[in-house]
Amino acid sequence: MKKILLPTDFSENSWSAIGFALQLFKNETCTFYLLNTYTPVIYNLEEIVLSTSEYNLENIIRENSVNGLKAIKARIENEYKNPKHSFVEISAFNTLISEINELHKEHVMDFIVMGTKGATGAKEVLFGSNTTHVFKSAKCPVLAVPDMFSFEVPHEILFPSDYNINFKTEQIEPIVAIAKQFKSRVNILHVFQDKGLTERQEKCKTDLEMYFKDTAYLYHSVEDKNIPKAITEFQSRARINLLVMINNKHSFFENLFFKNKINQLGLHLNIPFLVIPTK
């Protein structure tokens, strides 16, 4: 049984991600953990003096969180009723990142699906700070769904790789599982600057062939120093439905997401993005 964490702030953006997850895993037996985190709102001194005698602010915030989760569950049961799916509500007095780390320790989930709306609200700024931090720290696959994205079958999966990772079964299995379920084709994209592959890269490429032997896949090579541009152009030209990357600290993924500002690199995605950790 899959255990899937669905963080929500009760926005339509997070609801889009929840709906996507429910449809992506509609044929699998799953427990979904609906998570809402909250922290105290800072009021000015005058408001505190006037209000605390009547209201316990923390209790109000907690009740809003609990009631919001109940409303989300009711909406799910109304719109996506599925006997294979069960739900657990988690209302936590914590920050999102800290709570996810705590849940990791308790082995609550093996997959996270969340919305990606950036702080500015602009559609071209896909990744907000919460999403980026979850990408960086998560110990399980994270699927980020764009703002207001409607589910579409992932017929074409884009998997960029520099062939510098010693691939492991647990890293490739999520890709293979989705590809088999939806009869998808995996497009393995190598963006290179130098001619030819090293001996190590050739071995990693051969390993990928073994992992994808029971699925449809194609290799693509693009000579382009601008990796984000190559990814964006390919996913647009090939009508890609899902982008997948492995978060390897010594690959271009690390450089792309944690040493630069995404909106300055030109990676403007409008498709779901699956990030798989190396550990």
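View 1. The side chains of Asp207 and Lys203 form a salt bridge, with an N to O distance of 3.2 Å; a salt bridge is a side-chain nitrogen of Lys or Arg within 4 Å of a carboxyl oxygen of Asp or Glu. The model is predicted: local features need pLDDT of at least 70, side-chain atom pairs count only at pLDDT 80 or more, and totals for chains, interfaces and linings use all residues. Residues are numbered from 1 along each chain as its sequence is written, and side-chain values use heavy atoms, with hydrogens and water left out. Asp207 and Lys203 lie 4 residues apart in helix 7 (residues 199-211), so about one helical turn separates them. Helices (H or I, at least four residues) and strands (E, at least two) are DSSP runs, numbered from the N terminus. With a relative accessible area of 18%, Asp207 is buried; buried means under 20% relative accessible area, exposed over 50%, and partly exposed in between (1.4 Å probe, protein chains only).

**View 2. Lys105 and Glu102 in helix 4.** A salt bridge joins the side chains of Lys105 and Glu102 at 3.6 Å, N to O. The two residues are 3 residues apart in helix 4 (residues 96-105) and therefore separated by about one helical turn. Lys105 is exposed, at 60% relative accessibility, whereas Glu102 is partly exposed, at 35%.

**View 3. Arg75 and Glu12 between two helices.** The structure holds 8 salt bridges, one of which is formed by the side chains of Arg75 and Glu12 (3.3 Å, N to O). This pair links distant parts of the chain, with Arg75 in helix 3 (residues 57-79) and Glu12 in helix 1 (residues 12-24), 63 residues apart. Arg75 counts as partly exposed at 28% relative accessibility, and Glu12 counts as partly exposed at 41%.

**View 4. Strand 10 and its neighbours.** In strand 10 (residues 273-277), 5 of the 5 residues are buried, so the strand is largely enclosed by the rest of the structure. Both faces are covered: Phe273, Val275 and Pro277 are buried on one side, and Leu274 and Ile276 on the other. Strand 5 (residues 142-145) pairs with strand 10 in the antiparallel sense over 3 bridges; two strands pair if DSSP finds at least two bridges between them. In this pairing, Val142 stands opposite Val275. Strand 9 (residues 242-247) pairs with strand 10 in the parallel sense over 5 bridges, and Leu243 stands opposite Phe273.
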